[in-house]
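Please read these comments with the sequence and the model open beside you. They go through the structure piece by piece.

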Amino acid sequence: MSHHGIGLLFTPGEHGQPEILYIRDVTITCPVCRHEQYYRWYSSAPYHPMHAQRLTQLLHKANAGLQHECEQCGEPLDERHTSRHLIHWGFAGGKGLIQGHWWRDGREQWVLQPFRHIDAQIVPDWEPAADISNVVLDQLTEEAIHDTFGRGISGKATVRRALLKRAQRPDPPSCGFTALADSTILGIFENTETDAQITTEFQRLLRHTKQAGDWHRVELNPDGALLSGFIGAPSSWLGDLPLHGLRVMIWTDAARVFEHADRILRSFPIKVRIRQLPGTPLLVLRMPNQKDTSTSPRIDPVGIAGEAARSASPIEDIVRLEIDRILHLLTGLVSPDDDDTTTPPESENEAIH
Ligand SMILES: [Zn+2]
């Protein structure tokens, strides 16, 4: 069974970098007999960091590596002969689909679909679906993604945008919050703000927005130095922005991990369920027809929350990453030795056990 067969989105890539599934469809018109044919690839791209510009490049290069013979006349066909490209990109958290269309004459169109999700069996809708909830654009932008889905592709571009916006303000406030995604909040503060003041501001925000939860905070630049040394670390995507005098923090809500995990698992074709491990903060996965879960994989919600925050990822994406990692191991698609590299290294800001 392929990992697409059981619906996994993540695979371990080079150097343990998690890669996420996307689908590319191309149509090719034979230059000799004009026969039109169509090819699909299941591809993956690094999850950290993904953003609108990178996704646009993936659309333009959707024909990369094409080498075929015309089905009708045998003419060799390559990248030059593609007449249309279509890529399908779904959010790891399981809600939302972005489809990019490209035509040989240079036209491009993006269809943002909040009520669909990525699916290996997805039919290539060459004509953008006329659905009132879809947003259709000539160019993909982070703003449009955030407005449509309530989140960025990875969260990192949203952090960068918030910092750049702030730098342009003549009189920036001493603190400001931005929702990166559901249960994932960014805060930017003057470094004269103390931990106690920041905690007070955050509590005020929670009261104001009527949110409870089990929130955990990670500072991306403690004592002015960006976190580094792990996959998706801020040093790899925030190093070029001037952060002098600022503290950048991300809060994530560990109390929502169960809900996200439950929703994601219910979308799988195999029946895996999750439950709270009595007397502990841990969650346990129950595989199909499994009665005894004493040796089943555990998920630590606080570890997930910490990993999401330190890599500026929506928490639901990291829930998905962890579930896929576990299912890869259990289904034997990846040996435990291979998979060691996908476990994020330890740091003082999080605890994944
Ligand atoms: Zn032909």
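1. Basis of the note. This is a predicted model, in which local features need pLDDT of at least 70 and side-chain atom pairs count only at pLDDT 80 or more, while totals for chains, interfaces and linings use all residues. Residues are numbered from 1 along each chain as its sequence is written. Helices (H or I, at least four residues) and strands (E, at least two) are DSSP runs, numbered from the N terminus.

2. The four-stranded sheet. Four strands make an open, antiparallel sheet in the order E10-E11-E13-E12. Two strands pair if DSSP finds at least two bridges between them. At the edges are strand E10 (175–181) and strand E12 (215–219), each of which pairs on one side only. On average, neighbouring strands of this sheet are turned by 25° against each other, direction ignored. For such angles, axes are lines fitted to C-alpha atoms, for helices over the stretch in contact, and angles run from 0 to 180 degrees between N-to-C directions.

3. Strand E13. Strand E11 (residues 184–190) is joined to strand E13 (residues 246–253) by seven bridges, and the two run antiparallel. Gly 187 is placed opposite Met 249 in E13. E12 and E13 also pair in the antiparallel sense, over five bridges, and Arg 217 has Trp 251 of E13 as its bridge partner. Is E13 enclosed or open to the outside? Seven of its eight residues are buried, so E13 is largely enclosed by the rest of the structure. A residue is buried if 20 or more other C-beta atoms lie within 10 Å of its own, exposed if 12 or fewer, and partly exposed in between, with C-beta atoms placed from the backbone.

4. Helix H6. Nine of the ten residues of H6 are buried, so this helix is largely enclosed by the rest of the structure. Among the buried residues are Pro 301, Gly 303, Glu 307 and Arg 310. Just after H6, Ala 312 has a positive phi of about 50°.

5. H6 against H7. H6 and helix H7 (residues 315–330) pack at an angle of about 120°, and their axes are 9 Å apart. That angle makes H6 oblique to H7; angles under 35 degrees count as roughly parallel, over 145 as roughly antiparallel, 65 to 115 as roughly perpendicular and the rest as oblique. Which residues make the contact? H6 contributes Ile 304, Ala 305, Glu 307 and Ala 308, and H7 contributes Ile 315, Ile 318, Val 319 and Glu 322. Two residues are in contact if their C-beta atoms, placed from the backbone, lie within 7 Å.

6. The three-stranded sheet. A further open sheet has three strands in the order E14-E15-E16, with antiparallel pairing. Strand E14 (273–276) and strand E16 (298–299) stand at its edges with a single partner strand each, so one side of each has no neighbour in the sheet. E14 and strand E15 (residues 283–286) pair over four bridges in the antiparallel sense.

7. Six of the seven residues of E7 are buried, which leaves the strand mostly covered. E6 and E7 run antiparallel and are joined by seven bridges, with Arg 84 opposite Trp 103 in E7. E7 is joined to strand E8 (residues 108–113) by six bridges, again antiparallel, and His 101 has Gln 109 of E8 as its bridge partner. E7 and E8 form a hairpin with four residues between them, and Gly 106 in the turn has a positive phi of about 100°.

8. Gly 94. Where is Gly 94 found? This residue is in the loop between strand E6 (82–90) and strand E7 (97–103). E6 and E7 form a hairpin with six residues between them, and Gly 94 in the turn has a positive phi of about 100°. Gly 94 counts as buried because it has 21 C-beta neighbours inside 10 Å. Leaving out residues up to four places away in sequence, Gly 94 touches His 117, Arg 263, Ile 264, Ser 267 and Arg 320.
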